[in-house]
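Hi,

Here is the structure I promised to pass on to you. Have a look at it first, and then read my notes below.

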Amino acid sequence: MSRYIRACLALALLALAGPLPGSSALQPPSAGPAHEPPLAAQASYRIPGTLPDLADRAFVLCWHSFLGQADIPTDFSLAELGSQLDELLALGYRFISLEDLVFGRFSGGLNLVATLDDGHRTVPAAYAKVFAARGILPSVFVYPAVLGMTTYSMKADDVRSLRDSGCLVGVHGYYHLFVNEQLYRSDRAAFEREIFTAKDKVEALTGLPAYVYAYPFGALSPISKTEVERAGYAFAFAVRRGFVFADPRLNDPYELPRSVVTRDNWQELFAFLHRNAR
Ligand SMILES: [Zn+2]
């Protein structure tokens, strides 16, 4: 690494950290060769962009159903959901929309995004009574095979109603299969149905472009990302702990991190977000 790059990194870090104790102003390094222009002048013609900013970040949460059945790890009552959201808001977090997230329209480190997977029939009530009541706009990820087809799923009109409320509707497979290399090799038609046909179906349902994908079970392989991109999605969510950054250079758009909220992990997840808030 050249002295110039080291100096620029040092300057950027110092600028982020604020003035040093005992120094009222940042002084340029004094040991540089005499022929080099001042650092500020170098910056104007050598730096191709700005340094990535880790401070502007958001954390994406995923819930599933709201029956209040304690024996289902991913299920909560509406009251439990409300308490979770209130605890997070009390830490100073605010909820931004998924759309603002993927296009980097946010700042600071206390941003959350709510997503609801699988299109359970309890989602509309959760939206109306819990999320909307708190001014939170969640996004929903649905898979067409069950919509209106099972007793536990939303109907098409439910999805359209959420769309009308401003909820982004994303794609979560067609039959909710493992969209990975194994499926790609064993059943190409099924693999493509999970990505391509699912997109067509969801777009026909909402009348809007479906440009965000959530891998069912969070399962993916390199070929999954390639095909999701080829299908025309602009973003895709995996399941892993991590932040989405406002600076797109820090994100993999086809493997954005997202965390599923379960009865088993809520306390630990909350503790993590508590530490982040400090
Ligand atoms: Zn799912």
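**Starting with helix α3**

Helix α3 covers residues 78-90, 13 residues in total, and spans 18 Å from its first C-alpha to its last, close to the 18 Å expected at 1.5 Å a residue. That expected span is 1.5 Å times one less than the number of residues. Helices (H or I, at least four residues) and strands (E, at least two) are DSSP runs, numbered from the N terminus.

Before going on, please keep in mind that this is a predicted model: local features need pLDDT of at least 70, side-chain atom pairs count only at pLDDT 80 or more, and totals for chains, interfaces and linings use all residues. Residues are numbered from 1 along each chain as its sequence is written.

Which residues of α3 are buried? Leu81, Leu85 and Leu88 are. They sit on the same side of α3 because they cover an arc of only 60° around the axis, where the arc is that of the directions from the helix axis to the C-beta atoms. A residue is called buried if 20 or more other C-beta atoms lie within 10 Å of its own, exposed if 12 or fewer, and partly exposed in between, with C-beta atoms placed from the backbone. The face turned away from the buried side carries the exposed residues Ala79, Asp86 and Ala90.

The buried residues of α3 pack against β1 (57-63), β3 (111-117), α5 (123-131) and α10 (266-277). Contact here is between two residues whose C-beta atoms, placed from the backbone, lie within 7 Å. Just after α3, Gly92 has a positive phi of about 105°.

**Strand β3 and its partners**

One of those packing partners, β3, is worth a look of its own. Six of its seven residues are buried, so β3 is largely enclosed by the rest of the structure. Strands count as paired if DSSP finds at least two bridges between them. On that basis:

- β1 runs parallel to β3, joined by six bridges, and Leu61 has Ala114 in β3 as its bridge partner.
- β2 (residues 94-95) also runs parallel to β3, with two bridges; Phe95 is partnered by Leu112 in β3.
- β4 (residues 139-142) pairs with β3 in the parallel sense over three bridges, and Asp117 has Phe141 in β4 as its bridge partner.

From β3 the chain crosses through α5 to β4, and this β-α-β crossover is right-handed: with the strands pointing away from the viewer, the path from the first strand over the helix to the second runs clockwise.

**A few loop residues**

Ser77 is in the loop between β1 and α3. Ser77 counts as partly exposed because it has 16 C-beta neighbours inside 10 Å. Leaving aside neighbours within four places in sequence, Ser77 is in contact with Phe66 and Gly68.

Most residues other than glycine have a negative phi. Asp118, in the loop between β3 and α5, has a positive phi of about 90° although it is not a glycine. With 23 C-beta neighbours inside 10 Å, Asp118 counts as buried. His176, in the loop between β5 (169-171) and α7 (181-186), also has a positive phi, about 65°.

**The whole protein**

The protein has 10 helices and nine strands, and buried residues make up 31% of its 278 residues.

Best wishes
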